[in-house]
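Here is a short tour for someone meeting this structure for the first time.

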Amino acid sequence: MDLNSALHRLASLAREELSQLNFPPQNWVPPSEGPDGQPLLDALIVGGGMCGQTATFALLREGVANLRCVDRAPRGREGPWATFARMDTLRSPKHLTGPDLGVAALTYRAWHEAKYGRAHWQALHKIPRLDWAEYLLWVRDVVALPVENGVEVTSLHLTPSAVQVRLHDGSQVHARKVVLALGREGSGAPRWPQFDTFNPLQRTSNVFHSADEIDFSALKEKRIGVLGAGASAFDNAAEALEAGAAQVVLFARRPILPQVNKSKWTAFSGFQHGYAALDDLRRWRFYTYIFSEQVPPPYESVLRCERHAGFSIRFGETWKDLFPGVVVKTDKGEHRFDAVIVATGFDVNLMDRPEIASFRDAIETWRSHVPTHEAQKHPEEARFPYLGDAFELKGSSPGLARVHVFNWGSTMSHGALAGDIPGLEIGARRLAQGIARDLFVEDADRHWAKLLEHNEDELKPTRYFVPLASRT
């Protein structure tokens, strides 16, 4: 079967299914004027990757059509899939859905079978990462999601009736709702260990974070040090080895690798729907435990490294400092490398986000919802924003509720519904339905006036029709 024709037929089927589901529905939100006298957006989604485009899709399905979705990256470079995610396959099982929002012809399986055939799907172990990136773009195009690339949001400012959004070109827009779908780093920044003297802001060109753009071909025949024991550490080590690195030494501060992925247990509908309804202390108990157990690297990533004779792991050895050269000082000695990769993930700290500098001090965090000793014991978890039922910020400024956090920073409040694929559909629907509710409530008096004006003459074709002027 011709690939292009198979995908074309699938796209046609998906559009037909969307039409049968009355998509897109009529926009029901009354137009509004912003503080600058210009038309006011009902929603601005910041980030056009997996979460951003799915949130946009969900809002459109709720009839919120006066929106924009922007991403600073060029098309195809949104999010991690074609950038700093370096695994061969996704972590999630292949059968999981999410970006399709329940439309069968938009599922990854439908796309994969159209491209490779059903037998290939049946034999597939896990979804190839770059296929997933291609699939997301296909969904965007089929649904005609209005993602604008090359548009960066630089700052947000709260006003009584809207959020003022400033863009990289100096222009500004106003939106009643802003969704921060900024991915893994969307509530913080890349995490660096607390070194004795080394300052990441002054690092040389041979010191990388795993979230950086890295030219692995330049590491050929080099000796590389990697800090970390999670998935990204092994994936970056494998990329270096496959590019011809002579030796890659991975350092883990634990004596063994984490063995069980506790977060995988949460991927069922009861937890995904029910977690946010728990009291604060039980939510805190669930996720501080999950985070403290840490996530083991997928066995596929470990075996990918183990295929290379130049790969080794030094367990129970903590990096203390970095010196030019590159020399790594650990608690057990010193090691010299040609380059190092720090694969320690992302921190959650809203203070690191420049977009929200104007109101970040007003944001409520989990610190104020747990006992002091618990916040001190789990300082990063305590920095997570404490969100409302539609992912909205809460705090001392009433305008905060116009800003919704649909990224990893929502995990303590809602579970992993804004980043991990298993919970994405539930999260996007919850977000969109909450925003639709808020927009209606804010416009309730305008809707009341529309109700009074409504005069569709249902009985006009019958002999019982009575003209408006004659009705008592």
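## A pocket to start with

The second largest pocket has a volume of about 150 Å³. For the terms: on a 1 Å grid over the protein atoms alone, a pocket is an open set of points with protein on both sides within 12 Å along at least five of seven lines, whereas a cavity is a set of points where a 1.4 Å probe fits but cannot get out; lining residues have an atom within 4 Å of a point. Grid points are joined across faces, edges and corners, and a volume is the space filled by probe spheres set on the points.

Around this second largest pocket you'll find Ala 189, Pro 190, Arg 191, Trp 192, Pro 193, Gln 194, Asp 347 and Asp 352. That lining splits into 4 nonpolar, 1 polar and 3 charged residues. Here Ala, Val, Leu, Ile, Met, Phe, Trp, Tyr, Cys and Pro count as nonpolar, Asp, Glu, Lys and Arg as charged, and the others, Gly among them, as polar.

## How to read the values

Keep in mind that this is a predicted model, where local features need pLDDT of at least 70 and side-chain atom pairs count only at pLDDT 80 or more, while totals for chains, interfaces and linings use all residues. Residues are numbered from 1 along each chain as its sequence is written, and side-chain values use heavy atoms, with hydrogens and water left out.

How many cavities of 30 Å³ or more does a search of the whole structure find? There is 1. About 100 Å³ of space lies in the largest cavity, and its lining includes Gly 48, Met 50, Glu 78, Trp 81, Leu 137 and Arg 140.

Helix H2 (50–61) and helix H5 (129–143) each bring at least two residues to that lining; helices (H or I, at least four residues) and strands (E, at least two) are DSSP runs, numbered from the N terminus. H5 gives the largest share, 4 residues. By class, the lining of the largest cavity has 6 nonpolar, 4 polar and 2 charged residues.

## A parallel sheet

Next comes an open sheet of 5 strands, in the order E3-E2-E1-E7-E18, with parallel pairing. Strand E3 (147–149) and strand E18 (403–405) sit at the edges with a single partner strand each, so one side of each has no neighbour in the sheet. From one strand to the next, the twist averages 20°. Two strands pair if DSSP finds at least two bridges between them.

Strand E2 (residues 67–71) pairs with E3 over 3 bridges, in the parallel sense. Val 70 has Glu 148 in E3 as its bridge partner.

## Rings that pair

What about aromatic rings? The structure holds 29 aromatic pairs. Rings of Phe, Tyr and Trp (its six-membered ring) pair if their centres lie within 6.5 Å; planes under 30 degrees apart count as stacked, over 60 as edge-to-face and the rest as tilted.

Take Trp 265 and Phe 286: their ring centres are 6.4 Å apart and their planes at 15°, so the pair is stacked. Trp 265 lies in the loop between strand E11 (247–252) and helix H7 (269–274), and Phe 286 in helix H8 (residues 280–293), so the pair ties together parts 21 residues apart in sequence.

## Two hairpins

Strand E13 (residues 319–323) and strand E14 (residues 327–330) run antiparallel, joined by 4 bridges, and Leu 322 stands opposite Val 328 in E14. They form a hairpin with 3 residues between them, and Gly 325 in the turn has a positive phi of about 145°.

E14 is also joined to strand E15 (residues 334–336) by 3 bridges, again antiparallel. Gly 333, in the turn of the E14 and E15 hairpin, has a positive phi of about 155°.

Note on methods:
Axes fitted to C-alpha atoms, helices over the stretch in contact; angles between N-to-C directions.
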